[in-house]
Amino acid sequence: MSGAGGFEAHDDQDGYEGRGAREGSGDHEVFPEDTEKMSDGLGNGDDGIHGAGEAHEGGPGADERGNDDPNNRGTEGIGDPSPLGAGGAAGVGDGGPHDAVGQNSHATEPHHTPRIPLPRASVEDTGRPLPALEEPVPAVPLVLEHRVLKALLGAWALAACSAEETTAVEDHLGVCGACADEALRLRGAVGLLQRPESLDLDPGLRTRVLEGCLDRRPPRIPVPEWARPYDAETARLDALLQDFGDAEWHAPVRLRWFDADEATSRRTTVAGVMAHLMSVDGLVAVALGLDDPLGEVPADAPTPAGRTEAYWRASHFPPTRSVRTPWREQSHDLVRTVSFTGGTAGKLEVAYGDFVLPLHDAMLDRAFECWVHAEDIAEAVDYPYEPPSPRHLNRMIDLAARVLPAVLAERRHKGLASPAHGRHLVSAGGPGRTLRLEIEGLGGGEWLIPLDSPAAVGSAEHEVAHVALDGVEFCRLAAGHVPPAEAAAGQLGDREAIRDVLFAAASLSRM
């Protein structure tokens, strides 16, 4: 290429000796905008670029025609990556290629802001070969003595060895029978140290979760406190039934209760027990104005036993798993209804045929029977079932303790309880002979039971007897599952009074 300060082409790239290589930075990238400005500088006359030919003479940036290669220029000061664009080199001005446009190349001080170079291109875009990857160094296996490997068996059983030690120990176990036997024994011992997790949910889990949720965000219509035991027990029973197959639904169940101080039972199935619960829950449903599960089926007596027998007779076939859905829907309707009605619903009364209970107590009674029959079902299918939460169990025990004086008076009226020596009538609200009922364990507490009259008040000063029982044991006594003579864990005082109270508790049971 001709012109002032023309370039000379050199094919020997390796022998490059130009001052651009010695004095400037010859391997820096030059961008397309730099090339255009250089071409403008070359066409401005002899003084367009002073000394450019010398700078590029023999440089690797020139091709056969003397043109610049924008990717490989050896000019002095051009493309210098320093922020000032000078780098201390002499040549085309301190400011880089911008001095070549219409300016004297001998200007030494730039009057513009230095340009910041763009990022370099990646290695993949240059066409150069990629660096070779380093070969991974193979791991050297541990070589340990037999005594060391034997000492590591305990750590290996606890999964406390490193990866290399684990590999060494396991390789050794494949060839050493004595160490393999010792490893099996250690693994078994580690299994005994770990407490097995039960697949059954904690009976109080649902209550704790609900309480935690309600503490953070109270519901618009909360479940009344007196209805929560029924809500919890029906939910637990429903969870027990959800995985039952046909064999479990037809498993035989024996319902047990006491009638006139005699143990009585009735044989049915799991599905028959659910039909019994739904029939008796229907008494509460009718009191709340809900549909009666018996429909138009007449019952011989409006009692729990009479309604259950009527439902069983009306079924063309023995009850099956299909009874679960209407029972669950009915229990949900009961809880929802008492939640909507709030405090006014508690003033209602539920008629059981032979007696009447306030709605508060009727819901507790239904929760108690739901738990008792859930245990009957779990026993029939050989499945564990836990008692209610201590707070709910305490409420059930309190209901039985409050009903005991009336049941005791009725038994005396029927001649089932012998009159005690020193018995005397007292005025309503006055103190009389008293039995102290002490409940230990879950739902524990103390209750003073008046012995002579339901209207009397228990008094510690008039205490004539003391009975101690476990909470769950007392509930099973009230359900008719434990004989009265075997229920008391501790007795002190009037034996006849203690016997009357224990048999009165057993007579609370019914089908």
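Contact here means heavy atoms within 4.5 Å. By that rule, consider the contacts in this predicted model between residues at least 6 apart in sequence: 68% of them join residues at least 24 apart. The protein holds 18 helices and eight strands. Of its 511 residues, 41% are buried.

Two helix pairs show how the elements meet. Packed helices are described by the angle between their axes and the distance between the axes.

Start with helix α12, residues 270–287, and helix α14, residues 324–341. Their axes come within 10 Å and cross at roughly 25°. Angles under 35 degrees count as roughly parallel, and α12 and α14 are therefore roughly parallel to each other. The crossing of α12 past α14 is left-handed. On the α12 side, the contact is made by M274, L277, M278, D281, G282, V284 and A285. On the α14 side, P326, W327, Q330 and L334 take part. By class, the residues of this contact split into eight nonpolar, two polar and one charged.

Now move to helix α16, residues 390–414, and helix α18, residues 495–506. Here the axes lie 9 Å apart, and the packing angle is about 105°. Angles of 65 to 115 degrees count as roughly perpendicular, so α16 is roughly perpendicular to α18. From α16, the residues in contact are L404, V407, L408, R411 and R412. They meet D500, V501, F503, A504 and A505 of α18. This contact of α16 with α18 has seven nonpolar residues, no polar ones and three charged ones.

The cysteines come next. A disulfide is a covalent bond between the sulfur atoms of two cysteines. How many disulfides does a search of the whole structure find? The search finds zero. Take C176 as a case. Its nearest cysteine sulfur belongs to C179 and is 3.5 Å away. A disulfide needs the two sulfur atoms within 2.5 Å, so C176 is in no disulfide.

Is C176 buried or exposed? The cut-off for buried is under 20% relative accessible area. C176 has a relative accessible area of 14%, so this cysteine is buried. C475 is buried as well, with a relative accessible area of 3%.

Definitions and conventions
Residues are numbered from 1 along each chain as its sequence is written. This is a predicted model: local features need pLDDT of at least 70, side-chain atom pairs count only at pLDDT 80 or more; totals for chains, interfaces and linings use all residues. Side-chain values use heavy atoms; hydrogens and water are left out. Axes are lines fitted to C-alpha atoms, for helices over the stretch in contact, and angles run from 0 to 180 degrees between N-to-C directions. Helices (H or I, at least four residues) and strands (E, at least two) are DSSP runs, numbered from the N terminus. Angles under 35 degrees count as roughly parallel, over 145 as roughly antiparallel, 65 to 115 as roughly perpendicular and the rest as oblique. A crossing is left-handed if the near helix is turned anticlockwise from the far one by less than a right angle, and right-handed if clockwise. Ala, Val, Leu, Ile, Met, Phe, Trp, Tyr, Cys and Pro count as nonpolar, Asp, Glu, Lys and Arg as charged, and the others, Gly among them, as polar. Buried means under 20% relative accessible area, exposed over 50%, partly exposed in between (1.4 Å probe, protein chains only).
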